[in-house]
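Grab a pencil and work through these exercises with the model on your screen. Try each task before you read its solution.

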Amino acid sequence: MVARKGAGDLSGADPAASRYEYATVGFPHTDWEKPLYTIGVAAELAGVHPQTLRAYEQKGLVTPKRTSGGTRMYSLADLDRLALIGKLTEEGINLAGVTRILDLESRLGEAHEQLEDLHARVRRLAKRVEDLQNNGSSGVGSLIRATSQERAIIVRKVRHQ
């Protein structure tokens with residue numbers, strides 16, 4: 001159930017004033033990607049006409065899931081994306097610009113994930129080096145430190161049997 005902030009009787013509310021100001025309340029699940037809302041409900045929550053959502057889908061700005069019967073179903077993530085699209089268009093950015101911004105935002109998110117993975121890998125490797133240094137020559141070889149072009153290189157001598 002998505003309700004606008006200060007929800008109550010929305011019949012007299014100014015749709016433009018409360019546009020995109022929805023808050024999630026009382027969800028029995030935590031799946032942000034679960035398709036929950038039909039196009040009519042999603043359009044109402046986003047403060048746009050259902051035809052606008054169809055146009056956004058055609059331009060690739062949003063991709064709702066489809067039921068076996070072909071009904072468009074929107075998730076909370078879709079609603080969040082629609083809120084961002086609405087905010088950008090209200091600021092005067094055309095749909096081509098919105099498409100580019102969303103693409104760059106997606107790429108940035110992927111880059112952050114890759115960076116986090118690399119940080120985790122560096123931590124694992126640093127732990128492994130520390131373990132090897134602490135174990136001395138316990139059958140895995142000794143560590144030799146060398147520098148080359150101002151970079152520290154750690155080399156492990158492997159005993160060939």
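**Exercise 1.** Find which residues of the largest nonpolar core touch the most other members.

*Solution.* Start with the term: a nonpolar core is a set of buried Ala, Val, Leu, Ile, Met, Phe, Trp, Tyr and Cys residues joined through side-chain atoms within 4.5 Å. Buried means under 20% relative accessible area with a 1.4 Å probe, protein chains only. Here the largest core has 19 residues, and Y37, L53, Y56, Y74, L79, L82 and I85 touch the most other members. Next, look at the helices: α1, α2, α3 (76-90) and α4 (95-135) each supply at least two residues of this core. Helices here are DSSP runs of H or I with at least four residues, and strands are E runs of at least two, numbered from the N terminus.

A word on the model: it's predicted, so local features need pLDDT of at least 70 and side-chain atom pairs 80 or more, while totals for chains, interfaces and linings use all residues. Residues are numbered from 1 along each chain, and side-chain values use heavy atoms, without hydrogens or water.

**Exercise 2.** Work out how α1 and α2 are oriented to each other.

*Solution.* First, the axes (lines fitted to C-alpha atoms over the stretch in contact, angles from 0 to 180 degrees between N-to-C directions) come within 8 Å and cross at roughly 100 degrees. Angles of 65 to 115 degrees count as roughly perpendicular, so α1 and α2 are roughly perpendicular. Finally, I39, A42 and A43 of α1 meet P50, L53 and R54 of α2.

**Exercise 3.** Give the strand order of the open sheet.

*Solution.* The order is β3-β5-β4, with antiparallel pairing.

Note on methods: Angles under 35 degrees count as roughly parallel, over 145 as roughly antiparallel, 65 to 115 as roughly perpendicular and the rest as oblique. Contact means heavy atoms within 4.5 Å. Buried means under 20% relative accessible area, exposed over 50%, partly exposed in between (1.4 Å probe, protein chains only). Two strands pair if DSSP finds at least two bridges between them.
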